[in-house]
Amino acid sequence: MALILFNKPHGVLSQFTDKGSPTKRATLSDYIDVPNVYPAGRLDRDSEGLLLLTDDGRQQSRISDPRYKMPKTYYAQVEGIADEAALQVLRKGVVLKDGKTLPAEASLMDMPDVWPRNPPIRVRKSVPDSWLSITITEGKNRQVRRMCAAVGFPVLRLIRWRIGDWRLDGIDSGTWIKEQPRG
């Protein structure tokens, strides 16, 4: 059984091919040359961070299927200084167009020690930014981005740092490690 922890860069699709696109876009095949592994879940093109890939269908399901409620922690750089009122809404669940989210763990954090983003985020001198740590147990499309926007703090940069017990610690952007089987 193979389990790959990949630090997906910004702008890379969470798939191995991009057939039908009129322009070339980066895919997992530009970074990972291990046969028969597939992403366990997705991470949108504009987001960075931890993506797990496996060749085990049961493991893939346990990681990505919402019924298992595997926690996922994101570091979100948001426009503005998030206040306690916004954090409380995130903690209780946010009403989005496709329903209310489950409660999240949410807190302000210091700027994490992470790699520079390429391309860099847009910086506005007149608008400060802050970093949030947000842990969710579901996976609606672009959920963390939509939650933050709904409470008035649009996301400038989003990094998935943890899925379950797997973390990005020590994995540079655009690189991956193969985890040894547990047990």
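Reader: Which residues lie nearest the centre of the largest pocket?

Author: The model is predicted, so local features need pLDDT of at least 70 and side-chain atom pairs pLDDT 80 or more, while totals for chains, interfaces and linings use all residues. Residues are numbered from 1 along each chain as its sequence is written, and side-chain values use heavy atoms, without hydrogens and water. A pocket is an open set of points on a 1 Å grid over the protein atoms alone, where a 1.4 Å probe fits, with protein on both sides within 12 Å along at least five of seven lines; lining residues have an atom within 4 Å of a point. Of the 28 lining residues, those nearest the centre are Arg42, Leu43, Gly139, Lys140 and Arg160.

Reader: Which strand gives the most to the lining of the largest pocket?

Author: Strands (E, at least two residues) and helices (H or I, at least four) are DSSP runs numbered from the N terminus. Helix 1, strand 4, helix 3 and strand 9 each supply at least two lining residues. The most, three residues, come from strand 9.

Reader: How many residues of strand 1 are buried?

Author: Buried means under 20% relative accessible area with a 1.4 Å probe, protein chains only. Leu3, Leu5 and Asn7 on one side of strand 1 are buried, as are Ile4, Phe6 and Lys8 on the other. Strand 1 is therefore largely enclosed by the rest of the structure, its buried residues numbering six of six.

Reader: Which residue of strand 3 is the bridge partner of Asn7?

Author: Two strands pair if DSSP finds at least two bridges between them. Strand 1 and strand 3 run antiparallel and are joined by six bridges. The partner of Asn7 in strand 3 is Leu50.

Definitions and conventions. Buried < 20%, exposed > 50% of the residue type's maximum accessible area, 1.4 Å probe, protein only.
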